[in-house]
Amino acid sequence: MSASAPVRQDGRVTEGERSPRRRGRAVAGGVLLLTGALLLPLSLAATWARAELTETDSYVATVAPLAGNTAVQDAVVDDVTKGVMAHVRLDGLLRAVPRAERPALRKHFTRGIREFVDKQVRQVVTGRHFPSMWNGVHRTAHRTLDGSLTASGRSAVTLDLTPVVERVTHQLSHNGMGLDILRRVPRAGVEIVLLKGPDVPRIRAVYKVVHTGSLLLPPAAALCLAGGLLLVRRRRRALICTGLGCAGAAALLAVALALVRSRALDALPAMISRPAAGAYADALTGPLRTGVWLVVGAGTLTAALAAAGPPAARALLTRRFARAADGP
């Protein structure tokens with residue numbers, strides 16, 4: 001046996017033979033910690049996506065504040081007004097007008113009717129009943145989305161704004177104005193297509209991946225981080241690296257979200273309001289961004305406490321316990 005790995009008379013292996021095993025454990029621990037740090041933000045994203053796609057109450061609670069957003073209100077007013085004006089017919093009104101004068105009068109009447117309808121719709125959208133209508137419209141749309149993702153059909157997912165038109169009709173019924181205009185709007189005449197039928201299979205495949213990831217990634221990240229910390233010898237340094245790694249990975253996810261948001265808004269058709277779409281994106285990704293920055297803060301704090309050493313951690317815990325004991 002070589003001199004670098006001597007054996008004692010009692011048969012125990014010396015430090016020289018333990019070093020390869022320790023190096024192997026250190027490498028395995030480092031790989032697990034790195035894997036856990038990378039899986040942590042992915043697990044956050046998968047859990048968030050699954051909640052938004054499958055939990056109707058959570059989704060409605062997320063978009064409920066948008067009912068008071070000015071950009072969203074303007075977009076709803078514009079969409080409903082366009083839907084109503086698409087069914088306005090002035091031919092009967094212009095029959096008694098000479099043919100040469102009809103184009104100018106049609107333009108004049110159309111502008112006046114549009115302003116009238118816009119005003120009535122805006123009163124409804126900014127009124128006290130609109131939040132409940134808004135929540136009901138989104139609840140119906142999300143249930144349709146949930147059914148499309150879990151079934152095998154290709155039904156389009158739409159945001160039906162007909163309740164807003166019905167509320168406008170009810171409002172006008174008290175003064176007898178505008179009923180002939182609004183009665184021409186069909187039951188499903190004012191809709192915003194959120195997901196086209198041909199796109200449903202592709203979104204369904206993404207949903208299956210997200211559903212599986214939300215179940216597997218969080219426990220995998222936790223096991224990797226716990227296993228890595230158990231295997232490494234220098235746990236203080238490992239905590240520093242792990243905390244910074246988790247914070248860095250979460251920060252990269254935040255940057256990726258910002259880039260995806262910017263590119264998605266740039267790719268929208270010109271007919272869609274950019275401010276309203278941006279408000280939607282910010283509302284939907286709000287819980288995810290909150291979780292991301294919590295991970296960044298927790299990882300940075302963990303690294304800082306580990307770098308400061310056990311005395312600093314004990315002092316911090318002592319101050320917290322003292323404050324809790326003293327009360328508010």
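Reader: Is D74 buried, partly exposed or exposed?
Author: D74 is partly exposed, with a relative accessible area of 34%; buried means under 20%, exposed over 50% and partly exposed in between, using a 1.4 Å probe and protein chains only. Please keep in mind that this is a predicted model, in which local features need pLDDT of at least 70 and side-chain atom pairs count only at pLDDT 80 or more, while totals for chains, interfaces and linings use all residues. Residues are numbered from 1 along each chain as its sequence is written, and side-chain values use heavy atoms, with hydrogens and water left out.

Reader: Which residue does D74 form a salt bridge with?
Author: The partner is R122, and the closest N and O atoms are 2.9 Å apart; a salt bridge here is a side-chain nitrogen of Lys or Arg within 4 Å of a carboxyl oxygen of Asp or Glu. The pair links distant parts of the chain, since D74 sits in helix α3 (residues 70-85) and R122 in helix α4 (residues 102-125), 48 residues apart. Helices are DSSP runs of H or I with at least four residues, numbered from the N terminus. R122 is also partly exposed, at 31% relative accessibility.

Reader: And which residues are linked with D74 in a network?
Author: D74, D118 and R122 are linked in a network of salt bridges.

Reader: How many salt bridges are found in the whole structure?
Author: The search finds 5. One of them joins K82 and D78, at 3.1 Å from N to O, and these two are 4 residues apart in helix α3, so about one helical turn separates them.

Reader: Where do D282 and R261 lie?
Author: D282 and R261 meet in a salt bridge of 2.8 Å, N to O. D282 lies in helix α10 (residues 274-308) and R261 in helix α9 (residues 235-266), so the pair ties together parts that are 21 residues apart in sequence.

Reader: Changing topic, at what angle do α8 and α9 pack?
Author: Helix α8 (residues 200-231) and α9 pack at about 155°, with their axes 9 Å apart; axes are lines fitted to C-alpha atoms over the stretch in contact, and angles run from 0 to 180 degrees between N-to-C directions. That makes α8 roughly antiparallel to α9, a label for angles over 145 degrees, with under 35 roughly parallel, 65 to 115 roughly perpendicular and the rest oblique.

Reader: Which residues make that contact?
Author: From α8 they are L225, L229 and L230, and from α9 they are R235, A238, L239, T242 and C246, where contact means heavy atoms within 4.5 Å.
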